[in-house]
Amino acid sequence: MAHRNRRAFPRGSFPPCLIHRVDGIFRPEAAGPGRFSKASRRACPNREKVAAREMASRRRLTGEICLADEFILETHGLTKEFAGFFAVRDVALKVRRGSIHALIGPNGAGKTTCFNLLTKFLKPSAGQILYKGQDITAMAPADVARLGLVRSFQISAVFPHLTALENVRVALQRQHGSSFDFWRSKSVLDRFNGRAMELLSDVGLSEFANTPAVEMPYGRKRALEIATTLALDPEMMLLDEPMAGMGHEDIDKIAALIKRISAKHTILMVEHNLSVVANLSDIITVLTRGQVLAQGNYAELSKDERVKEAYLGAGHA
Ligand SMILES: Nc1ncnc2c1ncn2[C@@H]1O[C@H](COP(=O)(O)OP(=O)(O)OP(=O)(O)O)[C@@H](O)[C@H]1O
Ligand SMILES: [Mg+2]
């Protein structure tokens, strides 16, 4: 049997992540609750990030690996019940670090509910969510976002009457510890101009820097929303139907943008457009009636009779 080597670390020095040898086995049931008290998190909101970095460097030194290195997000038995109806039931999801992972399924399959559970908009009825090995099941949405798991459009609202540059600057300002301090001096805000322009350039919006968001074409507005999400420096981004309501030209642009972003960020997206899913995704999880029906790449799933049946049965082409 494979040998498992858990080490004792000083209390509060690292998030509860399972450490084991290369030949070790993962035991999700051993994951415990977060070790930081609410008071210590309030005192130093970035403490988790610092602790995670310390742990990573300790692992490099000892040659140990952690399953959280391979899978950035995992759920075990994730369940959401609404008055006896199971919108999500016993979902086990593993999102590989650096991948584009798509969550698909017919209408009412539980995709959005699953998303809302992952981003803490909904409280699970049962189950566990681990992000980078840390149990985030009971965490507040803002704390999860601070750890680097950010849903696009979650915190990063786009203000219609601010320009693209101003929108990204406000997001950067929030990321650097200030909330909506609109009364701040122009010189303080100007500090963020360089990074804001970089982010606009990353999403192909340099020429829209001085355009108010309300005047931007729909597809460009979605790109701006992604730029304001990137300003929060996420490690993992959750995109809920990023192509919704778009024409062909915008779809191609946003698909190319998601591909570019995925070089530095793990992406989990819910998307109805199956050709986008086919082109972008490394791995796809199919949900039906709140449960995982199948998982694989597009080529594998398109041959899967159960998947075809689920879509055809729900009236999809
Ligand atoms: N707050 C709620 N109360 C009761 N039932 C709900 C609630 N939210 C969702 N549901 C039900 O849970 C099921 C899954 O809904 P969900 O919105 O997660 O599906 P979806 O896969 O996102 O569907 P779509 O493709 O149409 O967006 C549906 O039957 C829905 O009616
Ligand atoms: Mg939905």
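## Basis and overall composition

The structure is a predicted model, in which local features need pLDDT of at least 70 and side-chain atom pairs count only at pLDDT 80 or more, while totals for chains, interfaces and linings use all residues. Residues are numbered from 1 along each chain as its sequence is written, and chains are lettered from A and ligands numbered from 1 in the order in which they are written.

The chain has 13 helices and 12 strands, these being DSSP runs numbered from the N terminus, with helices (H or I) of at least four residues and strands (E) of at least two. Buried residues make up 39% of the 317 residues in the chain; a residue is buried if 20 or more other C-beta atoms, placed from the backbone, lie within 10 Å of its own, exposed if 12 or fewer do, and partly exposed in between. Among contacts between residues at least 6 apart in sequence, 65% join residues at least 24 apart, where a contact requires C-beta atoms, placed from the backbone, to lie within 7 Å.

## The open sheet

Six strands form an open sheet of mixed pairing, in the order S8-S9-S10-S5-S11-S12; two strands pair if DSSP finds at least two bridges between them. S8 and S12 stand at the edges with a single partner strand each, so one side of each is left without a neighbour in the sheet. With direction ignored, neighbouring strands of this sheet are turned by 20° against each other on average, the axes being lines fitted to C-alpha atoms, for helices over the stretch in contact, and angles running from 0 to 180 degrees between N-to-C directions.

S9 pairs with strand S10 (residues 266-270) in the parallel sense over five bridges, and Met 237 has Ile 267 in S10 as its bridge partner. Helix H4 packs on the sheet, where it touches S5, S9, S10 and S11, and its direction makes about 150° with that of S9.

Strand S5 (residues 100-104) runs parallel to S11 and is joined to it by four bridges, with Ala 102 standing opposite Ile 284. Strand S12 (residues 291-296) runs antiparallel to S11 and is joined to it by five bridges, with Val 286 standing opposite Ala 294.

S11 and S12 form a hairpin with two residues between them, and Arg 289 in the turn has a positive phi of about 45°. Arg 289 counts as partly exposed, with 16 C-beta neighbours inside 10 Å.

Helix H4 is mostly covered, six of its eight residues being buried, namely Lys 111, Thr 113, Cys 114, Phe 115, Leu 117 and Leu 118. H4 is followed by Lys 120, whose phi is positive, near 75°. Lys 120 is found in the loop between H4 and strand S6 (126-131), and Lys 120 is buried, with 22 other C-beta atoms within 10 Å.

Ligand 1 is surrounded by Phe 82, Phe 85, Ala 87, Gly 105, Asn 107, Gly 108, Ala 109, Gly 110, Lys 111, Thr 112 and Thr 113, a residue being included if its C-beta atom, placed from the backbone, lies within 6 Å of the molecule. Strand S4 (85-96) and helix H4 (111-118) each supply at least two residues of this shell, and H4 gives the most, with three residues. By class, the shell around ligand 1 has four nonpolar, six polar and one charged residues; Ala, Val, Leu, Ile, Met, Phe, Trp, Tyr, Cys and Pro count as nonpolar, Asp, Glu, Lys and Arg as charged, and the others, Gly among them, as polar.

## Helix H9

The 13 residues of helix H9 (residues 218-230) should span 18 Å at 1.5 Å a residue, and its end C-alpha atoms are 19 Å apart, which agrees; the expected span is 1.5 Å times one less than the number of residues.

H9 is mostly covered, with 11 of its 13 residues buried, among them Arg 220, Lys 221, Arg 222 and Glu 225. The buried residues of H9 pack against strand S8 (149-151), helix H6 (164-175), helix H8 (193-202), strand S9 (236-240) and helix H10 (248-261).

Notes: Contact = placed C-beta atoms within 7 Å.
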